Amino acid sequence: MSQLTKTDWIWKDGSFVRWDDCHVHVLSHSMQFGSSIFEGIRCYSTPRGPAIFRLREHMTRFLNSAKVYRMDLAYSLDDLVQANRELVVKNGLDSCYLRPMALRGYGAAGMVPFESPLEVYLPCWPWGTYLGEGALENGVDVCISTWQRVAPNTIPAMAKVAGNYLGGQLIKMEALANGFAEAIALDTGGRVSEGSGQNVFLVRNGAIYTPPVDGSLLPGITRDTVISLAHDAGIPVHVEAIAREALYMADELFFSGTAAEITPVRSVDRIKVGAGKPGPVTRQLQAAFENVTHGKAPDTHGWLTHVRD
Ligand SMILES: Cc1ncc(COP(=O)(O)O)c(C=O)c1O
């Protein structure tokens with residue numbers, strides 16, 4: 001479980017406000033109807049100071065989420081990139097998690113949001129391992145959720161919107177209630193989709209497999225990173241539909257996500273995955289990820305935004 005660690009400043013629509021003074025009205029549209037869009041981004045400590053990982057890609061997804069929900073934000077991609085950099089500097093942090101949010105504020109009485117002003121907030125705070133102590137080193141035990149992911153053309157899974165996370169909360173709470181660290185949810189056709197807040201990969205015969213972006217899952221930026229790192233390492237990548245039982249038969253399994261990073265999965269439904277411990281391909285990708293995020297390897301893909309450059 002993780003609790004928020006307070007920092008000093010939150011960027012709000014072009015200026016910095018104190019963490020404790022950053023409030024929204026209880027009748028904000030987003031409070032009533034779950035209509036806020038958001039991102040989750042990590043900033044890592046590197047030898048050249050703090051660097052935000054894949055900031056432009058995250059803020060592009062943010063703007064795309066806004067577009068789907070007809071939110072005409074007043075900020076360009078460059079504005080948002082710059083504001084996130086200033087945020088980390090202003091808070092004096094060496095590493096942190098950033099949570100850009102765009103809300104529909106106070107005004108509209110009903111579901112139609114257009115009478116509510118758009119408000120953009122950029123908070124950040126220090127955040128450690130998401131799936132618990134030792135998760136990255138030892139792996140986690142997961143189950144298949146009884147809750148399925150959204151179906152195509154219901155609630156848009158490619159947009160990162162607060163309301164989507166009602167499903168994620170049900171998936172995660174059920175897993176915790178049953179003694180698992182996380183769950184993997186299936187899509188409404190019964191194929192593997194993703195975790196409550198992470199994408200999923202399996203390893204078989206030295207190749208990695210992950211489900212396609214087909215309307216039930218978020219196109220993770222870490223997922224894309226893993227695919228690129230696998231290509232760099234000559235590991236074959238297959239993006240294809242995955243049957244539930246393939247999870248039990250996998251040599252290795254892992255999650256990818258900004259919060260979860262690359263977390264090995266050691267069992268599914270109490271069935272051991274491979275040897276029941278993180279395998280060599282997962283370890284290799286974890287190491288490559290750690291090296292690039294922490295500036296220990298050349299940033300050949302241009303993924304790091306150094307906040308003070
Ligand atoms: C539902 C869901 N799937 C996948 C991911 C992984 O995406 P990313 O790697 O961009 O953090 C996240 C995290 O944002 C998520 O919330």
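Me: What makes β4 and strand β6 (residues 96–98) count as a pair?
Reply: The test is DSSP bridges: two strands pair if at least two join them. β4 and β6 have three bridges, in the antiparallel sense, so they pass. Strands are DSSP runs of E, at least two residues, numbered from the N terminus. The model is predicted, so local features need pLDDT of at least 70 and side-chain atom pairs 80 or more, while totals for chains, interfaces and linings use all residues. Residues are numbered from 1 along each chain as its sequence is written, and side-chain values use heavy atoms, without hydrogens or water.

Me: How do you know that β4 is joined to strand β5 (residues 49–53)?
Reply: Four bridges join them, and they run antiparallel. Serine 45 stands opposite proline 50 in β5. The two strands form a hairpin with two residues between them.

Me: Why is strand β4 (residues 41–46) called mostly covered?
Reply: Five of its six residues are buried. Buried means under 20% relative accessible area, exposed over 50% and partly exposed in between (1.4 Å probe, protein chains only).

Me: What makes β9 and β19 edge strands?
Reply: Take the sheet order first. Five strands run β9-β6-β4-β5-β19 in an open sheet, with antiparallel pairing. β9 (124–125) and β19 (304–306) each pair on one side only. For β19, that side is β5, joined by three bridges. Phenylalanine 53 has leucine 304 of β19 as its bridge partner.

Me: What is the order of the other open sheet, the one with β2 and β3?
Reply: The order is β2-β1-β8-β7-β3, again with antiparallel pairing. Its edge strands are β2 (15–18) and β3 (37–38). Strand β1 (residues 9–12) pairs with β2 over four bridges. There, tryptophan 11 has phenylalanine 16 as its partner.

Me: How many aromatic pairs are there?
Reply: The count is 10. Rings of Phe, Tyr and Trp (its six-membered ring) pair if their centres lie within 6.5 Å; planes under 30 degrees apart are stacked, over 60 edge-to-face, and the rest tilted.

Me: Why is the pair of phenylalanine 201 and phenylalanine 254 called stacked?
Reply: The centres are 5.1 Å apart and the planes are at 10°, so this pair is stacked. Phenylalanine 201 lies in strand β13 (residues 199–204) and phenylalanine 254 in strand β16 (residues 252–257), so the pair ties together parts 53 residues apart in sequence. Both residues are buried.

Me: How do you know that lysine 90 sits over the ring of tryptophan 9?
Reply: Its charged end is 4.3 Å from the ring centre. The rule asks for NZ of Lys or CZ of Arg within 6 Å of the centre and within 35 degrees of the ring normal.

Me: Which residues lie nearest the centre of the second largest pocket?
Reply: They are His29, Ser35, Tyr69, Met111 and Pro113, out of 15 lining residues. A pocket is an open set of points on a 1 Å grid over the protein atoms alone, with protein on both sides within 12 Å along at least five of seven lines; lining residues have an atom within 4 Å of a point.

How values were computed. 1 Å grid on protein atoms, 1.4 Å probe; cavity = no way out; pocket = protein on both sides within 12 Å on 5 of 7 lines; lining within 4 Å.
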